Amino acid sequence: QLSCLVKVVTLHGVPKDLDNYPKDLLLFLSPADYAATGSCRQYFANIGKANLDVLQRESSQRKQLLLEALECLKISGTRVNEENAEILGRLVCDLGGEYVRSSGGNLLKRLSQCHSFLPDQEEAIRSVISSGNTTFGPPVAWSAFTLNELSGLIPVFDHSIFKKIPK
């Protein structure tokens, strides 16, 4: 339905007020389509707020979106800073484990909003959390507030992490 709606909306060219349309609609446009109305950073900030599950997790379209976002944000390595993590929004759910490891705690809060993880992402999340090198600190220093902030990651925690969290 969304891809059909995009065809109707863009029938006479890309509208200048794309930011007023549902974010999910933007998933079916390219950054080039959006270029006339704003920057690629703005496009991906909007994409990051969209429901990415409209596209299948491993689909070529979703992979292409992530690649274009990394290029737009000039992320050449695997480290994503806090500002870029915010722009990527839900797209961080598609970053591989190497990005999670390299970015440390910068991605944890965003990752906690993801619905599922691939095995390499889970392993990387456990590694980063166990290291304690995050804004949340080591699990032994966590409070109920910290657990609430990271609630979406709890299914990924293993026994070694759970036993460190204070009761």
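Mentor: Start with D94, which sits in the loop between helix 6 (82-88) and helix 7 (97-103). Keep in mind that this is a predicted model.

D94 counts as buried because its relative accessibility is 17%, and the cut-off for buried is under 20%. Look at what surrounds D94. Setting aside residues up to four places away in sequence, D94 touches R57, R62, L66 and Q121.

One of these contacts is a salt bridge. R62 pairs with D94, and their closest N and O atoms are 2.7 Å apart. R62 belongs to helix 5 (residues 60-72) and D94 to the loop between helix 6 and helix 7, so the pair ties together parts that are 32 residues apart in sequence. R62 is buried too, because its relative accessible area is 3%. In general, side chains of opposite charge can pair when their charged atoms come close.

The pair has a further partner. D53, R62 and D94 are linked in a network of salt bridges.

Now move along the loop. G89 also lies between helix 6 and helix 7. G89 counts as buried because its relative accessible area is 7%. Leaving out neighbours within four places in sequence, G89 is in contact with G48 and R110. For a sense of distance, take G89 and S160. They are 71 residues apart in sequence, and their C-alpha atoms are 29 Å apart in space.

Next, step back into helix 6. E83 forms a salt bridge with R41, and the closest N and O atoms are 2.9 Å apart. R41 lies in helix 4 (residues 40-47) and E83 in helix 6, so this pair ties together parts that are 42 residues apart in sequence. R41 counts as partly exposed because its relative accessibility is 30%.

Another salt bridge joins E149 and K109, with the closest N and O atoms 2.8 Å apart. E149 is in helix 10 (residues 144-149) and K109 in helix 8 (residues 108-111), so the pair ties together parts that are 40 residues apart in sequence. K109 is partly exposed, because its relative accessibility is 45%. The count of salt bridges comes to 6.

Now place the loop in the domain layout. The chain is divided into domain 1 (1-74) and domain 2 (95-166). The contact between them takes 5 residues from domain 1 and 7 residues from domain 2. The two centres, taken over C-alpha atoms, are separated by 29 Å.

What area is buried between domain 1 and domain 2? It is about 430 Å², and carbon and sulfur atoms give 49% of it. On the side of domain 1 that touches domain 2, the residues divide into 2 nonpolar, no polar and 3 charged. The count between domain 1 and domain 2 is 0 salt bridges. Polar contacts do cross this interface: 3 residue pairs are found.

Finally, the whole chain. Its secondary structure comes to 11 helices and 0 strands. The C-alpha atoms fill a box of roughly 60 × 30 × 25 Å along the principal axes. Of the 167 residues, 43% count as buried. Among contacts in the chain with a separation of 6 or more, residues 24 or more positions apart account for 52%.

Note on methods:
Residues are numbered from 1 along each chain as its sequence is written. This is a predicted model: local features need pLDDT of at least 70, side-chain atom pairs count only at pLDDT 80 or more; totals for chains, interfaces and linings use all residues. Side-chain values use heavy atoms; hydrogens and water are left out. Domain bounds come from an automatic or database domain assignment. Contact means heavy atoms within 4.5 Å. Buried area is the accessible area (1.4 Å probe) that two parts lose on being put together, summed over both. A salt bridge is a side-chain nitrogen of Lys or Arg within 4 Å of a carboxyl oxygen of Asp or Glu. A polar contact is a pair of N or O atoms within 3.5 Å; within protein, one must be able to donate a hydrogen and the other to accept it, and residues adjacent in sequence count only if both atoms are side-chain atoms. Ala, Val, Leu, Ile, Met, Phe, Trp, Tyr, Cys and Pro count as nonpolar, Asp, Glu, Lys and Arg as charged, and the others, Gly among them, as polar. Helices (H or I, at least four residues) and strands (E, at least two) are DSSP runs, numbered from the N terminus. Buried means under 20% relative accessible area, exposed over 50%, partly exposed in between (1.4 Å probe, protein chains only).
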